[in-house]
Structures are given as structure tokens and as C-alpha cells.
Amino acid sequence: MAPKKAKRRQQQGEGGSSNVFSMFEQSQIQEYKEAFTIIDQNRDGIISKDDLRDVLASMGQLNVKNEELEAMVKEASGPINFTVFLTMFGEKLKGADPEDVIVSAFKVLDPEGTGTIKKEFLEELLTTQCDRFSAEEMKNLWAAFPPDVAGNVDYKNICYVITHGEDKEE
């Protein structure tokens, strides 16, 4: 019991509800902490506009407008410490559809119920309908979810990764 109480006090001391920490596995929290540390370029414990500009520049995005950076920072209700950062991710993920809903959407495109969709068909849909994928986005999709030798894409795997994150054994 004592470790739980100590943990709860620590989380509340970080300026947020301990509830956000229960939304994630410990390994996910560690990954978010590493990402936070990378973004917090000046290591002051707060992600600022300057931190965002510096980390984007380190990734090759040199001409980011001040207004864009301000909009990013304003997504938070206040200074972006780690708890706020984690809460923001939790809020973004909370709006995601459950896996069964996403699978059902794909099943409309799979009348035979094979669990797969032809690569060419999916690519045509994603590049010509609604929020169209760019060539780069398609390249990234196929790199992450390569079709089998017959040109079929396992959409159940895509749905799993969307809702649970990638959990590949290496």
C-alpha cells in the first residue's frame, strides 16, 4: 500500500490529476517522458514556443511560422509540463474510435470477409476520397503495413495498431 500512496502524492505534486497516469501503461509513460525530454530543448521542465522551434529545426523544419508555434502551445490550458503533456495525449487518444468500430468500417470494403483489402483498391480510395493521402503518406503506410505477395493488405492489423499502438516483436 505504501508505494501506491507515495506514487499518488508524487503525481499530484506534479500539478495534475493522478488519473492521467492510469490511462497509460508504465512503458508508454516512459516513452512519453523520453519524447517530452527531447522536445524540452532547454531542459526547464516546460515545453515552450522556443523549444518547439528548436526541436522542429533539428528535424529540418526551419521556416515554421511564429503563429503556428503559438497555436501549438495554446492547445494546452497553461504551461506544458510533463503532466499536461501526458494529459494532452490522453485527450487526443480518448476520441479515437474503438477497434471494433474501425474494423467494421473496413469490413464494408471486404464483402467476402477475408480480413484483407487489395492494395490497389485501398490506395485508390485513400488518394482520391475525402482527406486524400499524399504520395509520401502512402509510402509510409506501405512501409508500416506491407501487402502480402498477392497484394492484399491485412486491415485488422492496421486497426489493431491504430487502437493499441505498434507492439511488434523484434
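Colleague: Buried means under 20% relative accessible area, exposed over 50%, and partly exposed in between (1.4 Å probe, protein chains only). Helix 9 then: which residues are buried there?

Modeller: First, a caution: this is a predicted model, where local features need pLDDT of at least 70, side-chain atom pairs count only at pLDDT 80 or more, and totals for chains, interfaces and linings use all residues. Residues are numbered from 1 along each chain as its sequence is written, and side-chain values use heavy atoms, with hydrogens and water left out. In helix 9 (residues 135–144), the buried ones are Met138, Leu141 and Trp142. Helices (H or I, at least four residues) and strands (E, at least two) are DSSP runs, numbered from the N terminus.

Colleague: Where do those three sit around the axis of helix 9?

Modeller: On the same side of helix 9, because they cover an arc of only 90 degrees around the axis. The arc is that of the directions from the helix axis to the C-beta atoms.

Colleague: What does the face turned away carry?

Modeller: Lys139 and Ala143, both exposed.

Colleague: And what do the buried residues of helix 9 pack against?

Modeller: Helix 8 (119–128) and strand 2 (152–154). Contact here means heavy atoms within 4.5 Å.

Colleague: Switching to helix 4. Which residues are buried?

Modeller: Asp51, Leu52, Val55 and Leu56. Seen down the axis, they fall within an arc of 125 degrees, so they line one face of helix 4. Their packing partners are helix 3 and helix 5.

Colleague: What happens just after helix 4?

Modeller: Glycine 60 takes a positive phi of about 95 degrees there.

Colleague: Which residue other than glycine has a positive phi?

Modeller: Arginine 43, with phi near 55 degrees. Most residues other than glycine have a negative phi. Arginine 43 is in the loop between helix 3 (26–39) and helix 4 (49–58).

Colleague: Is arginine 43 buried or exposed?

Modeller: Exposed, because its relative accessible area is 53%.

Colleague: How many salt bridges does the count come to?

Modeller: One. The rule asks for a side-chain nitrogen of Lys or Arg within 4 Å of a carboxyl oxygen of Asp or Glu. The side chains of lysine 49 and glutamate 70 form it, at 3.3 Å, N to O.

Colleague: What does that pair tie together?

Modeller: Lysine 49 lies in helix 4 and glutamate 70 in helix 5 (residues 66–74), so the pair ties together parts 21 residues apart in sequence. Lysine 49 counts as partly exposed, because its relative accessibility is 24%. Glutamate 70 is partly exposed too, at 30%.

Colleague: Now the core. Which residues have the most contacts inside the largest one?

Modeller: Ile47, Ile80, Phe82, Phe85 and Leu86, in a largest nonpolar core of 20 residues. Such a core is a set of buried Ala, Val, Leu, Ile, Met, Phe, Trp, Tyr and Cys residues joined through side-chain atoms within 4.5 Å. Helix 2, helix 3, helix 4 and helix 6 (82–94) each supply at least two residues of this core. Helix 6 gives the most, with five residues.

Colleague: What does isoleucine 80 touch?

Modeller: Phe36, Gly45, Ile46, Ile47, Val73, Phe85 and Met88, leaving out residues up to four places away in sequence. There is also a second, separate core of 14 residues, including Ile102, Phe106, Ile117 and Leu141.

Colleague: Last one. Where is phenylalanine 21?

Modeller: In helix 2 (residues 19–22). Phenylalanine 21 counts as buried, because its relative accessibility is 10%. From phenylalanine 21 to glycine 90 is 69 residues in sequence and 9.2 Å in space, C-alpha to C-alpha.
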